[in-house]
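Thanks for coming. I have one structure to go through today, and I will keep to what can be computed from its atoms.

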Amino acid sequence: MAEIRVGKPDTKPDAPAHTKGINSGNEPGGIEAEPGLEYTGETGAGRPQTRSYARKSTGINPEKRNPIDPNSPNLPPA
Amino acid sequence: MAIREEVSPESRNIVEMSWDPITRIVGNLGIYTKIDFDNQEVVECKSTSSVFRGYSVFMKGKDPRDAHFITSRICGICGDNHAVCSVYAQNMAYGIAMPPLAEWIYNLGEAAEYMFDHTIFQDNLVFVDYCEQMVRETNPSLLERAEQTEAPNADIHGYRTIADIMRAFNPFTGEMYKEALNMSRITREMFCLMEGRHVHPSTIYPGGTGTVATPQVFTDYLSRLMRCLDFIKQAVPMNDDVFDFFYEALPGYEEVGRRRILLGCWSAFQNPDQCDYKYQNMAEWGRAAFVTPGIIVDGELLTTSLVDINLGIRILLGSSYYEDWQNEETFVTHDPLGNPVDKRHPWNQTTLPKPQKRELEGGNYSWVMSPRWYDQRTGDHLALDTGGGAIARLWATALAGLVDVGYVKATGDSVLINLPKTAGTPEMQFEWNIPQWSNAIERNRARIYFVAYSAAMAFHFIEKALALVHAGDTQVFQEFDVPDEAIGCGFHEAVRGVLSHHLVIRDGKIANYHPYPPTPWNGSPTDWYGTPGPYEDAVAGQPIFEENGPDNFKGIDIMRAVRSFDPCLPCGVHMYLGNGKVLERRHSPTLGIDVQ
């Protein structure tokens, strides 16, 4: 560093990333555990391709919320 | 707020004039000129910035997953461009490519940002320099002529004469001024639908987005986009009328802000069908982007390869308040393709701030460094500019001729933009032609064309996104592990031009991080080879058309030249007292060091 007068640090720069009890959202396994989403392969440039089902939106009788035709997509309300 | 000071007269009657800070831009920029009023010419120009940011200093040691949230705060108007660029760099470092729908959401957000920022800058800031009130004060005879000149596109925009258009640009009262503010609200709503919050996005992070992809979110965006089209269809011909009038009424006006054609564009709007974020394939997926990257020298497209662009970047000193880092650590000796990486490349830069007194004559005078691009053919370090972003993007895209999505087509010497029919206006096609010059007028003209370009592209992105939603492919996030050791680089276009983020990860933390936004390129001071920065270069030697003499000189032509670059130097405040009399000159470095 240059010859500059600076104060004494009172925290580590990466402190927020290591707060006990906080899970990292990026860690593999989280999406798999989420219901209602199926990996169907890879699309252009090796990107993941998926298909969502009603279970993604609701846990209450989700099988009744899917389209009658299995080839039809499920459009999640949110 | 010009400061005037007589300089010892030698052979010419030269007056020193400075504007510090320049208003109606983002941040703190000072322009110091020497003007020869007898010959109506700017003899010399220096551009300075008195603000030190230090992102590259305090990013070290931080968790790389925080990089986009932190670097977003670099700017209060294009923070999202930084966030997105940081995500690109992180995606490369983590070895992931987000799901295609996430990429379309990013593209839609960025398209809204270009529309928002270009419009608010053009109509609410730039056009104050071209409005009736300003022209009346600086060039009354020009206004008289404008009153008599019919607007060629009056049937489209409804303003009969050029003076009528200029009145519409008047701040706070003009119709266009007010309508542009309304537009900026709608486009920001569009942005927020995609990226959560403007201007520091809350739903943008490496691996994808938190935006919930429903048909509703895209139709909400689309309905707003349609409302914007009526404005854009009127604004483009209105801009053409005003700028063409300046060329016609003030012969020689093409020299204002003119410099050698040295333009850089780092690409925007990734194509998820091609882009895998792997450095090894960067040249190919860079060319597949919906704004083509490129370096244009004297009208010739030197390269469209992001790898060439990356390896050619050099950060020079010469007039900046930093110590050299030649003896500091080299973080990246070779890129993933095995090419050597220069010591002066951002991957290997170490920022060593050295606050000191400003010395405009032969000393250091700016916190901005001097980014240059090394031209292997000639060995020159080129002071590329971005021309405020839009002109470089359109120019590179036009010359490359790679973009063709129906709504937008690059022809090799122009860009065709097709806008669909809307409630108030019929279907329209605009063609941006490669101009003869890189000057103030053409930089400004390109800006409104790029608003149209972004709007047209947004239709393409919406169609692609809705197709995925309709197929049930609604995944928008990709998981990843943070590697212990990795490097990454992101190339994007901030609204006002090139943007790169270079990242080195060691022990899972940031070892080096260097964002290079457009203004270091445009606002750079003279480097150690003696090459002036683009503002300096564009203003020096330009003619003066203002009718006021030295006593009530506003410097309107210089302001038009500098503002055409869309300067953005966040963020500082200067104060000036008195009528040209300096009461006290004080140098206040931002860091804890005493300056004698």
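This is a predicted model: local features need pLDDT of at least 70, side-chain atom pairs count only at pLDDT 80 or more; totals for chains, interfaces and linings use all residues.

Start with the contact between the chains. Chain A puts 37 residues into the contact, and chain B puts in 43 residues. The size of an interface is often given as the accessible area lost when the parts come together. Here about 3,000 Å² is buried between chain A and chain B, and carbon and sulfur atoms account for 52% of that.

How many salt bridges are counted between chain A and chain B? The count is one. Its partners are Arg47(A) and Glu103(B), with 2.8 Å between the closest N and O atoms. For polar contacts across the interface of chain A and chain B, the rule gives 14 residue pairs, both residues being at pLDDT 80 or more.

Strand 2 of chain A gives the most, with six residues. Sorted by class, this side of chain A has 17 nonpolar, 12 polar and eight charged residues.

Next, the cavities. Rolling a probe the size of a water molecule over the atoms shows where empty space is left. By the rule used here, there are two cavities of 30 Å³ or more.

The largest cavity has a volume of about 550 Å³. Which residues lie nearest its centre? Of the 28 residues in its lining, those are Arg53(B), Trp367(B), Pro515(B), Pro517(B) and Pro520(B). The elements that give two or more residues to this lining are helix 1 (55-58), strand 19 (509-516), helix 15 (518-522) and strand 20 (568-569), in chain B. By class, the lining of the largest cavity has 18 nonpolar, eight polar and two charged residues.

The second largest cavity holds about 40 Å³ of space. Its lining consists of Tyr88(B), Met92(B), Gln270(B), Tyr277(B), Met282(B), Trp285(B), Cys489(B), Gly490(B) and Phe491(B). Helix 3 (79-94), helix 11 (282-287) and strand 17 (486-494) of chain B each give at least two residues to that lining, and strand 17 of chain B gives the most, with three residues. This lining divides into seven nonpolar and two polar residues, with no charged ones.

Last, the backbone of chain B. Is the peptide bond from His198(B) to Val199(B) cis or trans? The bond is cis, and omega is near 20 degrees. Val199(B) sits in the loop between helix 9 (175-195) and strand 6 (204-205) of chain B.

The other point is Ser267(B), where phi is near 80 degrees, a positive value in a residue other than glycine. Ser267(B) is in the loop between strand 8 (262-265) and helix 11 of chain B. Helix 11 of chain B has come up already, as one of the elements that supply the lining of the second largest cavity.

That is what I have; questions are welcome.

How values were computed: Residues are numbered from 1 along each chain as its sequence is written. Chains are lettered from A and ligands numbered from 1 in the order in which they are written. Side-chain values use heavy atoms; hydrogens and water are left out. Contact means heavy atoms within 4.5 Å. Buried area is the accessible area (1.4 Å probe) that two parts lose on being put together, summed over both. A salt bridge is a side-chain nitrogen of Lys or Arg within 4 Å of a carboxyl oxygen of Asp or Glu. A polar contact is a pair of N or O atoms within 3.5 Å; within protein, one must be able to donate a hydrogen and the other to accept it, and residues adjacent in sequence count only if both atoms are side-chain atoms. Helices (H or I, at least four residues) and strands (E, at least two) are DSSP runs, numbered from the N terminus. Ala, Val, Leu, Ile, Met, Phe, Trp, Tyr, Cys and Pro count as nonpolar, Asp, Glu, Lys and Arg as charged, and the others, Gly among them, as polar. On a 1 Å grid over the protein atoms alone, a cavity is a set of points where a 1.4 Å probe fits but cannot get out, and a pocket is an open set with protein on both sides within 12 Å along at least five of seven lines; lining residues have an atom within 4 Å of a point. Grid points are joined across faces, edges and corners, and a volume is the space filled by probe spheres set on the points.
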